[in-house]
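Hi everyone, thanks for making time this morning.

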Amino acid sequence: MSDLGFLSPSRAGDEAVWRSPLERALAHAPAGIEDVSRTGKLEVRGDVAAIAEREVVRLTPRRGLVLCPWEETTAVRARLRSEGLHVVDQTAGYAGLRVQGATLMRRLTDLDLDRLPAAGALAHVQAIVLRDDEHTFRVFVPQEYGHYVAEVVVDAAQGVAGP
């Protein structure tokens, strides 16, 4: 299989409605936890260092995750393929959270927060964790674990004061 079209929302029909896998779990989330699942996520294989996109998370020397605005996913995918890279749209394959607070993140993962981005366990689920600034993190997990991870994050956030 060279293409996973069902993971590419941009290929859905006009009647399709996008629903986040985190919607119910985050219905009553405290401030500082936000759903960012509606981010374009393209898995790329090839010369990852040569990719000129805004945000490339290098997973290995020849594999990366390109993050882009939802609306640009199709165009970015086409551009990367035209450069000879193998690209699989994983937009619907990963759920995403933005989390405020280093203290909260330390409760959720053993990853070294000063050495991000990194892949590793978060709430016992394999995740890709990025640091946007001193107190803001993005977490991407396989969508089938998204609801569970969101519930764990919300639960851990209760009682954590400040960043």
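**Starting from strand β2**

Let's begin with strand β2, residues 39-45, which is mostly covered: 6 of its 7 residues are buried. Before going further, please keep in mind that this is a predicted model.

Which strands does β2 pair with? One is strand β4, residues 63-69, which runs antiparallel to β2 and is joined to it by 7 bridges. To find your place there, look for Lys 41, whose bridge partner in β4 is Leu 67. Strand β5, residues 86-89, also pairs with β2 in the antiparallel sense, over 4 bridges. In that pairing, Glu 43 stands opposite Val 88 of β5.

Now please move to Thr 73, in helix α1, which covers residues 73-82. Is Thr 73 buried or exposed? Thr 73 counts as buried because its relative accessible area is 3%, and the cut-off for buried is under 20%. What does its side chain reach? The Thr 73 side chain comes to 2.9 Å from the backbone oxygen of Trp 70. Leaving aside residues up to four places away in sequence, Thr 73 touches Gly 40, Leu 42, Cys 68, Asp 89 and Thr 91.

**On to strand β9**

The next stop is strand β9, residues 136-142, and here too 6 of 7 residues are buried. Strand β6, residues 94-100, pairs with β9 in the antiparallel sense over 7 bridges. Strand β8, residues 125-133, runs antiparallel to β9 as well, with 5 bridges joining them, and a hairpin of 2 residues links β8 to β9.

Helix α3 takes in residues 143-157. Its 15 residues reach 21 Å from the first C-alpha to the last, close to the 21 Å expected at 1.5 Å a residue.

Which residues of α3 are buried? They are Gly 146, Val 149, Ala 150, Val 153, Val 154, Ala 156 and Ala 157.

Searching the whole structure turns up 1 cavity of 30 Å³ or more, and the largest cavity holds about 30 Å³. What lines it? The lining consists of Leu 22, Ala 95, Leu 97, Val 139, Val 141, Gly 146, Val 149 and Ala 150. β6, β9 and α3 each supply at least two lining residues, and the largest share, 3 residues, comes from α3.

**Stepping back**

How many helices and strands are there in the protein? There are 3 helices and 9 strands, running β-β-β-β-α-β-β-α-β-β-β-α from the N terminus. Of the 163 residues, 45% are buried. And among contacts between residues at least 6 apart in sequence, 61% join residues at least 24 apart.

Key. Residues numbered from 1 in each chain as written. Predicted model: local features only at pLDDT ≥ 70, side-chain atom pairs only at ≥ 80, totals over all residues. Heavy atoms only, no water. Buried < 20%, exposed > 50% of the residue type's maximum accessible area, 1.4 Å probe, protein only. Pairing = 2+ DSSP bridges. Polar contact = N/O pair within 3.5 Å; in protein donor to acceptor, adjacent residues only side chain to side chain. Contact = heavy atoms within 4.5 Å. Expected span 1.5 Å × (residues − 1). 1 Å grid on protein atoms, 1.4 Å probe; cavity = no way out; pocket = protein on both sides within 12 Å on 5 of 7 lines; lining within 4 Å. Points joined across faces, edges and corners; volume = space filled by probe spheres on them.
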